[in-house]
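This report describes the fold, the overall shape and the surface of one protein chain. The sequence and the structure are shown below.

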Amino acid sequence: MKESTKPNLDKIDKKILKLLQQDGRISNADLADKVNVSAATCYRRTQRLIDLKIIQSVRAQIAPEAIELSALVMVGVVLDRSTPESFSNFETAIKKLSIVLSCYLVAGEFDYLLKIRAKDMTDFNKLHSDKLLALPEVRQLRTYFVMKEVIENAPMPL
């Protein structure tokens with residue numbers, strides 16, 4: 001079996017990553033200036049980080065309130081059975097639900113932990129009844145309404 005190779009990141013790569021996490025819209029020229037390399041070198045290094053899939057995407061972070069999705073809900077999902085087929089059936093179905101922002105297979109009390117945005121409690125109740133309970137293999141859902149977002153999508157420490 002072939003071992004995975006860890007990419008070699010130097011100080012400049014790490015500084016590029018740190019700055020892009022802070023502002024994904026920074027121009028290449030400004031980024032190059034801040035890391036003290038030429039624009040061409042900065043572009044090549046950034047492209048390498050993208051090609052290596054270290055930078056997975058660059059996208060806008062939208063204020064949930066601006067699009068009327070201010071309720072953040074975490075849902076613990078317990079499946080009927082712990083079989084590869086059950087997990088596969090659930091994962092195939094959950095990927096089709098645009099209401100789910102994140103889905104994690106976890107160890108512990110639940111099989112999966114979901115992160116969902118909804119307009120409000122009434123909106124979530126409808127999603128719960130119409131969508132979540134209809135998912136295949138689901139035995140139990142445990143719902144937690146987030147009262148305060150203390151840290152959300154923080155930059156990775158570099």
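In what order do the elements of the protein chain run from the N terminus on?

## Fold and shape

From the N terminus, the order is α-α-α-β-α-β-β-α-β. The protein chain thus has five helices and four strands, where helices (H or I, at least four residues) and strands (E, at least two) are DSSP runs numbered from the N terminus. Because its radius of gyration is 20 Å, well over the 15 Å that the globule rule gives for 158 residues, the protein chain is more spread out than a compact globule. That radius is taken over C-alpha atoms, and the rule is 2.2 Å times the number of residues to the power 0.38. Along the principal axes, the C-alpha atoms fill a box of roughly 55 × 50 × 25 Å.

The model is predicted: local features need pLDDT of at least 70, side-chain atom pairs count only at pLDDT 80 or more, and totals for chains, interfaces and linings use all residues. Residues are numbered from 1 along each chain as its sequence is written, and side-chain values use heavy atoms, with hydrogens and water left out.

Ser-102 stands opposite Lys-115 in E3. Six residues lie between the two strands of this hairpin, and Gly-108 in the turn has a positive phi of about 125°.

## Burial and contacts

Of the 158 residues in the protein chain, 30% are buried (under 20% relative accessible area, with a 1.4 Å probe and protein chains only). Among contacts (heavy atoms within 4.5 Å) with a separation of 6 or more, 65% come from residues 24 or more positions apart.

Terms used: Pairing = 2+ DSSP bridges. Buried < 20%, exposed > 50% of the residue type's maximum accessible area, 1.4 Å probe, protein only.
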